[in-house]
Amino acid sequence: MERRDRERLTMTVFCRITRSRNQRKSTWKRIENISGTGMLLVWSAGESDIKPPHIGERFTVELQLPAHPVFGQRSLQFQTKVVRVFRQGNGRVMAGFESTRSRFKFIR
């Protein structure tokens, strides 16, 4: 059953993801699609040693934007919550995130 209420943009881009309670340790994940209220990330490509996130867990997701001649280098930072985790037939683990807040961040 389709539960989406917003149009999703299919894209393949890497983002930096950090657990909200541990801001020092981050990792890179791939975004499959994104909308105004959430995103779907490839959590692992089938590696069994990578633990999937838990529903309700909070993360900060940072997506680096292309440099702009006037505004400079920026990233789009999302405060997110895990709302769905599932394993595909090929073993790949996917995680659905709900975006609760976003902001632009200046990169020096």
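**Exercise 1.** Are Trp 43 and Phe 59 buried or exposed?

Solution. Start with the cut-offs: buried is under 20% relative accessible area, exposed is over 50%, and partly exposed is in between (1.4 Å probe, protein chains only). Both Trp 43 and Phe 59 come out buried. Keep in mind that this is a predicted model, where local features need pLDDT of at least 70, side-chain atom pairs count only at pLDDT 80 or more, and totals for chains, interfaces and linings use all residues. Residues are numbered from 1 along each chain as its sequence is written, and side-chain values use heavy atoms, with hydrogens and water left out.

**Exercise 2.** Work out how many aromatic pairs there are, and what kind Trp 43 and Phe 59 make.

Solution. Rings of Phe, Tyr and Trp (its six-membered ring) pair if their centres lie within 6.5 Å; planes under 30 degrees apart are stacked, over 60 edge-to-face, and the rest tilted. That rule gives three aromatic pairs. For Trp 43 and Phe 59, the centres are 5.6 Å apart and the planes sit at 65°, so this pair is edge-to-face.

**Exercise 3.** Find which residue lies over the face of Trp 43.

Solution. A charge sits over a ring if NZ of Lys or CZ of Arg is within 6 Å of the ring centre and within 35 degrees of the ring normal. Lys 29 lies over the face of Trp 43, at 4.5 Å from the ring centre. Arg 84 does likewise with Phe 86, at 4.4 Å.
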